[in-house]
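Here is a short report on one protein chain. Look at the model first, then read on.

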Amino acid sequence: MRADDRYNLKDTSIVVVTGLLLAFVFNVKGVYNWAKRLPHGEVRESFLTVLEPINEAYEFTGIATPKDWLADWFNGNRTIVKPIVIEPLAPDAMPLVGPPVPPNLEEILEKERLLKEGPQKILVMGDSMMVGALGKVLVAELEKTPFEPVRRARISTGLARPDYFNWEKEVVNIYRDQKFVKAFVMLGGNDTQDIKYGGKTIYLGTKAWAKIYAKRVRKIVDYMCKKTPEIVWLGSPPMRSKSYDRKIQFVNKVLYSSLKNYKCAKYFPTAQIFRDKTGRYASYQKVFGKFRKVRMQDGIHLTRSGGQLL
């Protein structure tokens, strides 16, 4: 080998750094999933704060698409099926995204009145679902209306660990100098865990767990209802992991039973929207007339298209 054919330190460093960068880029999902498996706390939140936007960009650019297809194939989702038909909603239910309806005279006058009074605020509150695509879509849609969206969301949080992040106290802080005519809430995805209460461990899936969790939900809703006439609490969508999905379904049931008697608050289930016609988890659904990926590769979060569908 000639002397000038050998790599010097600079060339070697470039090759190594480039290799590491490529490995990171093509395994962003692996690093992100590793961070999500860390114990709840400041270390996990620090990693996810950095990795969430990188992972979202990774999904958005389509780099993950070949891996997604393979993952769906090996997980049993070998065909893209047509979405289930959503049953007609009750008059007071939240409408799904669909073709715009021409506003009537009353709606036009109401919008003019709101514009004269100045922007009224709508709260968008929750965990990483509201930090990510769903929260961004909600805010973007609300910005097209006379209302002013205010987003307050934090990853890795819920109601099971007030020692880590206390949403009851946070709600008081949010409302300290603001009023909201409506609120969208999504919490529960991080609550599939046991609860420490009174020096004891209260196990997920038990009546004792449901009782404690329901009490925490109602304390937050009771406070919000005094200041906000309409609250929509979104249930978590189906999860790809069957074990995680069973836990999520339990949390959703507790949320529903906690909220069903409120006049100022509604529980809005999302499971039916994100399942295929056989009732299974679906990565793809029809959005605005085209089949699009509605779930991120982690099998948990929504893509932008998923947020639009919801």
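Helices (H or I, at least four residues) and strands (E, at least two) are DSSP runs, numbered from the N terminus. This is a predicted model, where local features need pLDDT of at least 70, side-chain atom pairs count only at pLDDT 80 or more, and totals for chains, interfaces and linings use all residues. Residues are numbered from 1 along each chain as its sequence is written, and side-chain values use heavy atoms, with hydrogens and water left out.

The chain has 11 helices and nine strands. Of its 310 residues, 43% are buried (under 20% relative accessible area, 1.4 Å probe, protein chains only).

**Aromatic pairs**

The whole structure holds six aromatic pairs. Rings of Phe, Tyr and Trp (its six-membered ring) pair if their centres lie within 6.5 Å; planes under 30 degrees apart are stacked, over 60 edge-to-face, and the rest tilted. Two of the pairs are listed here.

| Pair | Type | Centre to centre | Between planes |
|---|---|---|---|
| Phe165 and Trp167 | edge-to-face | 5.2 Å | 75° |
| Trp209 and Tyr213 | stacked | 4.7 Å | 15° |

Phe165 and Trp167 are both buried. Trp209 and Tyr213 are buried too. Both Trp209 and Tyr213 lie in helix H9, four residues apart, about one turn of the helix. An α-helix has 3.6 residues a turn, so residues three or four places apart point the same way. Elsewhere, Tyr175, Phe180 and Tyr223 form one aromatic cluster.

**Helix H10**

Helix H10 covers residues 242-259, 18 residues in total. Its buried residues include Tyr244, Ile248 and Leu255. Among the elements that cover the buried residues of H10 are helix H9 (207-225) and strand E6 (231-234).

Terms used:
Buried means under 20% relative accessible area, exposed over 50%, partly exposed in between (1.4 Å probe, protein chains only). The expected span of a helix is 1.5 Å times one less than its number of residues. Contact means heavy atoms within 4.5 Å.
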